[in-house]
Amino acid sequence: GVVGDGYEPLQNGAAFAFCDDITDSGRAHWIGAGATRGGARVHALMKLDREIRIGGAEGEDVLPLLCFRNGHDGGLAVTVSVAPFRLACLNGMLLPLDGAQRVWKARHTAHVQARLVDARRTLGIAWRYYDELEEVGAQLIRQALGESDFERFLARLVPLPEPKPGRSEGGRAVRNAERVREAIRTAYRFADDLDNVRGTRWGALQAVTAYVDHTQPTRQTAGRTHAEARFERATEPQALKDRALALLTEGGTQT
């Protein structure tokens, strides 16, 4: 990458020392680490040592992961984020929650005490996020969503584009929007792993996350494979997931 004169690379060993400080706390453990984009991006996953089951419902266990990222191309600051996954389908749920951070910067230093302070800060932020996710998820799973309500939600989530002057209705943009709607609708109605939450707002949210993570097309580039693109999509904020949660929690209980 093109970087300024003051850019200093953070070596992987130094970066992962911060992750070791988190796991050494006894409140998280390592899952694994890897690289994407030919080594330009490095990722580490850790699991918080806590159990999460949304609304106490069978099959609604959530993996409370932490994702650490470092970039060697000058295009990514050293960051940490939560990375929740619904265990039944491995849908990523990096959702915006009021009063809880989902992405933040890690302050890396060679000084051990400073690293420990940052590790404790990271654990505190993550713990608060997962507390909030449990609360919001429990509310959504208790709220019924009828078929007509789901269709209204879907229409607002993926609105059809306005026809342009001089052009007939339809066209590629309309067909694309209809395809997205149908993919989400199909997941909501027929996905086996949604049998226990179909007819709830939580189930509608999971249909959207399933579409984004597993169905929405990805773009392969010279430096990134389809698999790497899907990993990044599942562990980074996604606009469609954010909008789905906003609509499903609008007004507290109304879509």
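Modeller: Helices here are DSSP runs of H or I with at least four residues, strands are runs of E with at least two, and both are numbered from the N terminus; Thr209, for example, is found in helix H5. The model is predicted, so local features need pLDDT of at least 70 and side-chain atom pairs count only at pLDDT 80 or more, while totals for chains, interfaces and linings use all residues. Residues are numbered from 1 along each chain as its sequence is written, and side-chain values use heavy atoms, leaving out hydrogens and water.

Biologist: Is Thr209 buried or exposed, and which residues does Thr209 touch?

Modeller: Buried means under 20% relative accessible area, exposed over 50%, and partly exposed in between, with a 1.4 Å probe and protein chains only. Thr209 counts as buried, because its relative accessibility is 0%. Contact means heavy atoms within 4.5 Å, and Thr209 touches Asn91, Gly92, Met93 and Lys241, not counting residues up to four places away in sequence.

Biologist: How do I read two packed helices, and at what angle do the axes of H5 and H6 cross?

Modeller: Two packed helices are described by the angle between their axes and the distance between the axes. Axes are lines fitted to C-alpha atoms, for helices over the stretch in contact, with angles from 0 to 180 degrees between N-to-C directions. The axes of H5 (residues 201–215) and H6 (residues 226–235) come within 9 Å and cross at roughly 155 degrees, which makes H5 roughly antiparallel to H6 (angles over 145 degrees count as roughly antiparallel). Val212, Asp213, His214 and Thr215 in H5 meet Arg230, Arg233 and Ala234 in H6.

How values were computed. Angles under 35 degrees count as roughly parallel, over 145 as roughly antiparallel, 65 to 115 as roughly perpendicular and the rest as oblique.
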